[in-house]
Amino acid sequence: EVLRLPKGESVREVAIRLSYPDEVVEWMMGEFGAKETLRVLEAGNSIPAMMLRSRGKTPADWSLASVDLADKVPELNEGIAASSVANVPKVGIVDSHEAITSCFSDFAVQNATVVSLFSYAAVSLCERTGAPSKILDLCAAPGSKTALLADVFTEADITANDIAEYKLRTLRDTMARFGLDERVKCVSKKVEELLPDCESASHAEAERFDLIIVDPPCSNSGLFSRRAEARWRLDSQNVLNAFKSSQTHLLTAAARSLADDSATEIWYTTSSILQAENDEVVNEVCDAEGLTVAWKKLVLPDDAGWDGGFIACLRRDSPSP
């Protein structure tokens, strides 16, 4: 007897046909509708693209700069094909993982989604207040995002933090590989040590940051093509709630460190595409702590190789005189 996969579009049929937990399919259908959910889940079953970001000194309006990676990849390994990614300067797709076996200082493995979201954020910040001088990357390991920040904001002092010792070792190795170990200070501290409440006695002595990046642990629901196992961790609401609790805790601590007159921006970013980990966390913290969402962006994974991701810019509005 031949067993055939179901062809319908009910939650159960889609879950069986595309190999996802029922809960994931149900959540996404509720947020994106059946047609978009099918596209996203099919992208999650595709072979992920290998993307490289060309590094180097860039101006504040770096998103407008253009480097044709296709011209540079042959310098790494002869015979490797490369193509540019539309509308994302300095990022290209290569057809072989061998492209990353040398010249680590010149290229970083980084998806167009991360570069695109941070490009928008960087230009927005520079137009508002100028380039930041002190940056905190709160959950920084393995470090590719920190390297991107260092390449964009070339004059900034950057503190990269991760609470787990093994992650800190990876973070330090990444900074050394990119030649950033002298520019980036890698630490392992609890969030309350780095960002004390603005009303606490220790706040006056704490280091001030112009930009705080909160990239907490998440479900990785935007990375199913790269982390196929991540879908099977999301088999209950309890799992999602655990992620949300940690995310809310970290973002709340960052929010409470901002005084009323603070011009500091918080960039909250995840590799999730689910509202529970993105909009719900941001809105809950902003409502509780008196912050404003200046803007937010969501990218859904697609068959062109883009990962899913989210970023929101949070600020504390100055009180009226």
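Reader: How are α9 and α10 oriented to each other: parallel, antiparallel, perpendicular or oblique?

Author: Angles under 35 degrees count as roughly parallel, over 145 as roughly antiparallel, 65 to 115 as roughly perpendicular and the rest as oblique. Axes are lines fitted to C-alpha atoms, for helices over the stretch in contact, and angles run from 0 to 180 degrees between N-to-C directions. Here, helix α9 (residues 237-256) and helix α10 (residues 279-289) meet at about 40 degrees, their axes 10 Å apart. α9 and α10 are therefore oblique to each other. This is a predicted model: local features need pLDDT of at least 70, side-chain atom pairs count only at pLDDT 80 or more, and totals for chains, interfaces and linings use all residues. Residues are numbered from 1 along each chain as its sequence is written, and side-chain values use heavy atoms, with hydrogens and water left out.

Reader: Which residues of α9 and α10 make the contact?

Author: Contact means heavy atoms within 4.5 Å. From α9 come K244, Q247, T248, L251, T252, A255 and R256. From α10 come E280, V281, V282, E284, V285 and E289.

Reader: How do I read an aromatic pair?

Author: Use the distance of the centres and the angle of the planes. Rings of Phe, Tyr and Trp (its six-membered ring) pair if their centres lie within 6.5 Å; planes under 30 degrees apart count as stacked, over 60 as edge-to-face and the rest as tilted. The structure holds four such pairs. In one of them, the rings of Y120 and W295 have centres 4.9 Å apart and planes at 80 degrees, so the pair is edge-to-face.

Reader: Where do Y120 and W295 lie?

Author: Helices (H or I, at least four residues) and strands (E, at least two) are DSSP runs, numbered from the N terminus. Y120 is in helix α4 (residues 112-129) and W295 in strand β10 (residues 292-299), so the pair ties together parts 175 residues apart in sequence.

Reader: Is W295 buried or exposed?

Author: Buried means under 20% relative accessible area, exposed over 50%, partly exposed in between (1.4 Å probe, protein chains only). W295 is buried, at 11%. Y120 is partly exposed, at 37%.

Reader: Which residue lies over the face of Y120?

Author: A charge sits over a ring if NZ of Lys or CZ of Arg is within 6 Å of the ring centre and within 35 degrees of the ring normal. K297 does this for Y120, at 4.3 Å from the ring centre. R177 lies over F178, at 5.2 Å.

Reader: How many residues of helix α5 are buried?

Author: Eight of the nine in α5 (residues 144-152). Among them are K145 and D151.
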